[in-house]
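Work through the exercises below with the sequence and the model at hand. Try each task before reading its solution.

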Amino acid sequence: MTMRMVTMLLAGLLALPLAAEAQKPIKVGFPMILSGPGALFGAPALKGAEMYVEELNAKGGVLGRKIELVPRDTKGSADEAVRVSRELILKENVDFLVGTLTSAEGPAVSVVAKENKVVFIAPIPKTDQLTAKDKLHPYVFRTAANTTMEGRSAAEIVAKWPVTRIGTISPDYAYGQDVTRSFVEHLKKIKPSVQIVDQQWPKLGEADYTPFINAQMAKKPEAVFSSLWGGHFVTFVKQAKPLGYFDAIKYNMMAVAEAGSPESTKAMGADYPVGIWANTYDAFYWAETPAHRDYTARLAKFTKDEYPSSWAIQGYTGMQFLAEAIKKAGSTESDKVSRALLGLTIDTPAGKQTIREKDHQADRGQLYGKTVKDPKYPFPILKPVEYVDPTKFMD
Amino acid sequence: MPDPSFIFAQSLSGLTAAMYLFLIASGLSLIFGVLRVLNFAHGSFYMLGAYGAYQLVQWLGTGHGRFWWATLGAALGVAILGGLVERLLFRYLYGKEELYQLLFTYALVLILSDVAKIFWGTQQKSVSRPPGLTGSFSLFGTTVPYYNLFILLLSPAIALGFWFVLRRTRAGRFIRAAALDRETLGALGVNVDRLYLGVFMLGSFLGGLGGALVTPVKSIVPGMDTEMIVEAFIVVVIGGLGSFWGTFLGALIYGQVLSFGILFVPRFSIFSVFALMAAVLIIRPWGLLGKPLK
Amino acid sequence: MLRRVPWPLLVFAAALFVPALGSRFYTFVANDIVIWALFATSLNLLVGYTGLVSFGHAAYFGIGAYTTGILMKKAGLAFLLAFPAAGLVTATFALVFGFFCVRLTRIYFAMLTLAFAQIVWAICFKWNEVTGGEQGMPEIPYPDFDWVERVSGILPFLGGYRTSEYFYFVTVVLVAACFWILRRIVGSPFGRMLTTIRENPERAEFIGVNVRRYELAAFVLAGTFAGLAGGLFGIFNRGVFPDFAYWTKSAEVLIMTLLGGMGTFFGPGVGAVALILLNQQIVSYTEYWPLILGTILVVLLFAFPGGIAGTAQGFARWIGRRLGRA
């Protein structure tokens, strides 16, 4: 009897609403960086996911059930990401996970997904290790580009430039190392005449880039590959520009890691090193298809932002893949949805995309272009902006 | 052997970084010297100075002289905030254990980081260099931006100004007296309450000023508060907690170690500054130029 | 009358009972709480009993986690060996760091513990080959529980649980053992001497006590138990990450200790229960957890500096006096 009382007491203490309705919503956990430096991508990605869910639910949801998004802040740390993901699975009883941002969070949450047999779609982490052969399991999928695709796309473009002395500057952690290695290897392969004359590795979150900038200029590269992201890229540019860095390399820079996103150019405004090449996941001015134009208009309305974020599309597409897979599977069971995702092709706002069967990786390319000033906007844009299809060099 | 102009460029960049750090850390050191409190929230004041400058530039525009008004306004705003915190809350903890004071300042860190997020969101912000200081000039084969030169001159000027105030004015004498022996201070007829308030506001002002002045060379992002506070701690510990010139020296050393450290041991440059901090504490806990606490 | 109840035993029994409730979430939360309770209690030995304010206690938590993690994942060592190894390795580090730290007082002590912790963090963050760098090491294996199935023929009540639940039982038993040892320590003449040192180090010195040696012993003990907590946490967390040793973790465990009540033996454990349950509830409603935690901390510092346990004790005493007078 005492046992029973203790049980009831404990259950009462931790009381949770155990609603058991027939048509309860499909719950999707969304662990994402919502505070700290990574939040500048995480927060808009969540917006994109929210917009998709709102639109889908307005149309009646999927399999007649609504989708409920349950976001959690991972604070940019892998152990927090693991904690909130398990909490989402065990407490909120989410059916799926979509989210994570950094190359530390992605693989860490992948382990949780595997152990709990919950489908996990990573819309932002790029590290190759997430879907590497020894780490791959039936429940992990990626709708972001990976470091191989990004590095090689950049190499394809730089190979056409009339330069041979190449330098690199990248943050010293998994993403920076992986993408730089992919770039260098692919470039050497398609253009053997290039020479890597300098490689700088500032630590992630470096505050003072001047020593690295000086060291790099001393080696006199003709072109530079950068994978500094977000605020780090902004800080780097603010310090490099007055030192004459961009004049020295004649603006021959390929800045990946979405340095060409409207958010980045908007934040820097007149300080942006106009003339460099950069990439982005999305651009509101990229009026490629009616579907994309329509998406942009909706997003602008949803976020009340005249120039809506380029990161929203990652949250949007991640959720879209999940919903379409549920529809295709006709079920919310992990194993069925996981199988439905293999080889699934959907129409995203950025065009058709497919999750490959062999490595659970979507053929998500990025937009590349040269940054120019445009009188229509108070900040630089990519022009002409080109979607680089990665399917040729994904392996 | 790297060529001399390169070495010059590296040491100059280390020097510039040091001058920023000095500006920020001197406020921390001043508060510690008088109030005997390590203020974790100093990094938050620095962050608010940066966001404040950004906001004022948005309102005032980027015309001539506007940046300077924005900087001054942001620093004053932070000083007022610091004053409010001291008057309304912090003063009640003076007699309490150090742990309570430390944790109170940490509570401020948590609160202010979310407050900044509520006001300014999570997108990175940026402020352009003020007109007139956008260019650069060449010195011994090295490009030196005018803005960096300005910082290189401003920081020592502020240091000298402080030194003058501390040495030559009545308030300065009280501050020094408080740093040495605060028990007798009240007996001397000093209004200790007002002194503490003034020092706290001045320290916050310096933190806010540092934050505002750093905006032309750094992006403003969430999380810049906790990044900075650790660096400022290292600087004041190396130089000596509460020692004014010690902070200056600490900043100089820190700047050079980082600037040259990345050339030789790039991967362990963050390790080396913490090791330096530990070494100073082990050999000379009161820092290079500080005096042992009584 | 209430004093006669063997509360620790009751809590221990109740803790063992959690998986039987049938909710994996309760077990998950309970596991989190139990490990953090040990971590906070180990810090209390230093802060509450000896009066040494460490701002780098996370270093030992991190070292323990990495030791167990590396030994189990990379060396394939059994938990039976990897767990005590966490204590051993951490004790060694605590001895070296503590040797320097206890020579300093007050704020300098706090600063040096912080510096050492940041060194540990920097090494974990950058030494990719051994620690996995900033990505940490996901997928630390659970201890081997196959033997349970084999013996469950004879002891049927053991069978039928998940691996994570077996690990929870192991955690509860090990943490209970640690608590028992810690309790013996603070109740011993050695423990009482620590309190004397906290109250009046000069006096202790005067009566011929080697204060530094006592403080160092407390430092090593606190570090060791933090390391054991870390060893368990790495497995529980399904991976070890450099953030385990970052200074904000040190602040977190200090807050927990303060919230529960410093200087009372079970206070920090209560703090772990309160803070973790609170966090679980609040993050479901808002992403502004830091703002709320900061506010709680301010209220605590000004209104309830004794924490939950301290306030409850004061309240009980007040009631007692009232009853006594009546």
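**Exercise 1.** How many residues does the contact take from chain C and how many from chain A? Then describe the side of chain C by element and by class.

Solution. The model is a predicted one. Start with the count: the contact takes 23 residues from chain C and 26 residues from chain A. Next, look at the elements on the side of chain C that touches chain A: helix 1 (7-17) and helix 2 (24-49) of chain C each give two or more residues. The largest share, four residues, comes from helix 2 of chain C. Last, sort this side of chain C by class: eleven residues are nonpolar, six are polar and six are charged.

**Exercise 2.** Describe the contact of chain A with chain B in the same way.

Solution. In this contact, 33 residues of chain A meet 33 residues of chain B. On the side of chain A, at least two residues each are supplied by helix 2 (39-58), helix 7 (210-218), helix 8 (230-240) and helix 10 (262-268) of chain A. The classes on that side of chain A are 16 nonpolar, eleven polar and six charged.

**Exercise 3.** Describe how helix 12 and helix 13 of chain A are placed relative to each other.

Solution. Two packed helices are described by the angle between their axes and the distance between the axes. The axes of helix 12 (residues 312-329) and helix 13 (residues 334-341) of chain A come within 8 Å and cross at roughly 110°. Angles of 65 to 115 degrees count as roughly perpendicular, so helix 12 of chain A is roughly perpendicular to helix 13 of chain A. From helix 12 of chain A, the residues in the contact are Phe321(A), Ala325(A), Ile326(A), Lys328(A) and Ala329(A); from helix 13 of chain A, they are Lys336(A), Val337(A), Ala340(A) and Leu341(A). The contact of these helices has seven nonpolar, no polar and two charged residues.

**Exercise 4.** Is Ala30(C) buried or exposed, and which residues does Ala30(C) contact beyond its neighbours within four places in sequence?

Solution. Ala30(C) lies in helix 2 of chain C. Ala30(C) counts as buried because it has 25 C-beta neighbours inside 10 Å. Leaving aside neighbours within four places in sequence, its contacts are Ala15(C), Val18(C) and Tyr168(C). Tyr168(C) is 138 residues from Ala30(C) along the chain, and their C-alpha atoms are separated by 8.2 Å.

**Exercise 5.** Describe the backbone at Lys250(A), Glu139(C) and Pro384(A).

Solution. Most residues other than glycine have a negative phi, and most peptide bonds are trans. Lys250(A), not a glycine, has a positive phi of about 50°. Lys250(A) lies in the loop between helix 9 (245-248) and strand 9 (253-255) of chain A. Lys250(A) is exposed, with 11 other C-beta atoms within 10 Å. Glu139(C) has a positive phi of about 65° and counts as partly exposed, with 16 C-beta neighbours inside 10 Å. Lys383(A) and Pro384(A) are joined by a cis peptide bond, with omega about -10°.

Definitions and conventions
Residues numbered from 1 in each chain as written. Chains lettered and ligands numbered in written order. Predicted model: local features only at pLDDT ≥ 70, side-chain atom pairs only at ≥ 80, totals over all residues. Contact = placed C-beta atoms within 7 Å. Nonpolar A, V, L, I, M, F, W, Y, C, P; charged D, E, K, R; others polar. Axes fitted to C-alpha atoms, helices over the stretch in contact; angles between N-to-C directions. Parallel < 35°, antiparallel > 145°, perpendicular 65-115°, else oblique. Buried ≥ 20, exposed ≤ 12 C-beta atoms within 10 Å, placed from the backbone.
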